[in-house]
Every structure is written in C-alpha cells, then in structure tokens.
Amino acid sequence: MKSYTFYLFRHGLTKGNLNAQYIGHTDLPLTTDSISALKNIKAHEHYPKVSAVFSSPLKRCIDSAKIMFPDNKIITIDDFIEYNFGEFEGLTAEDLKDNQDFKNWLHGDVNSAPPYGESNAQFAMRVCSAFEKVVDGCIKTGTDNAAIVGHAGVLMTILSCYGLPEAPMAHWQMDAGYGFKLRITPSLWMQGKKLEVVDTSPTSLSDIKDQN
C-alpha cells in the first residue's frame, strides 16, 4: 500500500529563544550564529529531497526552510504560526514569576489562556486543523514526500496528537534544525488520524554511506 513520508523540522534560533523569552507571533529573525549552524547541518548532514515544503508565515521559519530546501518553493500556512502568548509575549518566566495570570496559566487546564492570548485548546485545534488539511491535500494530489518547517510548539503538538508511538508533548522536543521523519499510511490516517514516527532527521551523510 502506498505511504506518504513527512518530515518535521524546527526552525533555527532567534535572540528570543536564546533569552528564554515567550516569543509567539513576534517576527524575530534568525541569529547570525543560527544561520551558520543551519548551513553547517546542511553541509555535513542530509536534509531529504521533498516535493513540497510548508512553513509558518514567520521569517524565522521561512528563512530556515530556504536554507534547508533551497530548490523548493516555500508554501506558507498561516495557521502554523506559533502560540499567541498575549500579554506574556516577549517576557520570560522569571519576569512573570509573581504574575497571578501567569501562575494560573501554568497550572490551569487546557482552556486556560494568557490575557489576550489563546488557550492550549484553541492552539491545538488551530494547528491540528491546518495539519489535517495539509495531509489530506498531499494524499489527494499524490504528493508523497513533504516537509514542514515550524515552531517547536506547533511540531510537538502535531506529534503528540497524531504520532505513534503515542507520547506527551515533552517527549517530542527537538533541537533547532532537527526533527522527525513520519510515515503516513492512508488507511491508518483515514480510520484513526494516526501516523508513524519512524526516525529522527536529518540523517548524517556518513550514516547514508554506511547504508549503501
């Protein structure tokens, strides 16, 4: 039976990442060091050849995707944008440690939200709806090899909601420039909206030579 291969890659780092800030919709650029790091990964390891590349609309993802996949047109998906942190945007946990709204959000249920932000439930619904449309579109068009370059929170949500083996979000943490290889079998996807997480990615060029 025909299967579809998807790759999920986390974007390179911004100053907000390095400063441990809550950066959601703020359109920060990649740092110079992170651009070099992504180019180094590409030079020494193997980003796969894919037919389609999808990205968050924010430049930290688009610019990462252009480094990883220079031969592909980058298709932006608005609903792959990072979490809306509302009033917490740009602040750190240390900045917010005495903020009661922050404490409630950290210890609240999935419907808790930062002031003027979105709840975890709203975020998951947005991301999952967009991901399902991308997968269904690829199956419909026969696009059997695709990549998504996105934010850690977006990618971890996808993996925790659809991935087999099943695991919580924290299990799916990934370094900048790296991610996971997925296999989607139409019957499993149509019946239960599940996919297989089969490997990490990218694969080292030396590992590829060892396999040949």
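Student: What makes both faces of strand 3 (residues 52-55) count as covered?

Tutor: Ala52 and Phe54 on one side are buried, and so are Val53 and Ser55 on the other. Buried means under 20% relative accessible area, exposed means over 50%, and partly exposed lies in between (1.4 Å probe, protein chains only). The model is predicted: local features need pLDDT of at least 70, side-chain atom pairs count only at pLDDT 80 or more, and totals for chains, interfaces and linings use all residues. Residues are numbered from 1 along each chain as its sequence is written, and side-chain values use heavy atoms, with hydrogens and water left out.

Student: Why is Val53 called buried?

Tutor: Its relative accessible area is 0%. The limit is under 20%, so Val53 is buried.

Student: What does Val53 touch, not counting residues up to four places away in sequence?

Tutor: Ala65, Phe69, Asn72, Lys73, Ile74, Ile75, Ala147 and Val149. Contact means heavy atoms within 4.5 Å.

Student: How do you know that strand 3 and strand 5 (residues 145-150) pair?

Tutor: Two strands pair if DSSP finds at least two bridges between them. Strand 3 and strand 5 have 4 bridges, in the parallel sense. In strand 5, Ala147 is the bridge partner of Val53.

Student: What joins strand 3 to strand 4 (residues 74-76)?

Tutor: 3 bridges, and the two strands run parallel. Here Val53 stands opposite Ile74.

Student: Why is the unit of strand 3, helix 3 (residues 59-68) and strand 4 called right-handed?

Tutor: The word describes the path of the crossover. With the strands pointing away from the viewer, the path from the first strand over the helix to the second runs clockwise. Strand 3, helix 3 and strand 4 form such a β-α-β unit. Helices (H or I, at least four residues) and strands (E, at least two) are DSSP runs, numbered from the N terminus.

Student: In which sense do strand 7 (residues 179-184) and strand 8 pair?

Tutor: Antiparallel, over 5 bridges. Leu182 stands opposite Val197 in strand 8. Strand 8 (residues 195-201) is also joined to strand 6 (residues 163-164), by 2 bridges, and those two run parallel. Gly163 has Leu195 as its bridge partner in strand 8.

Student: Is Lys42 buried, partly exposed or exposed, and what makes it so?

Tutor: Lys42 has a relative accessible area of 33%, so it is partly exposed. This residue lies in helix 2 (residues 32-44). Leaving out residues up to four places away in sequence, Lys42 touches Tyr47, Ile67, Met68 and Pro70.

Student: What makes a set of grid points a pocket?

Tutor: On a 1 Å grid over the protein atoms alone, a pocket is an open set with protein on both sides within 12 Å along at least five of seven lines, whereas in a cavity a 1.4 Å probe fits but cannot get out. Lining residues have an atom within 4 Å of a point. The largest pocket is lined by 32 residues. Helix 6 gives the largest share, 6 residues.
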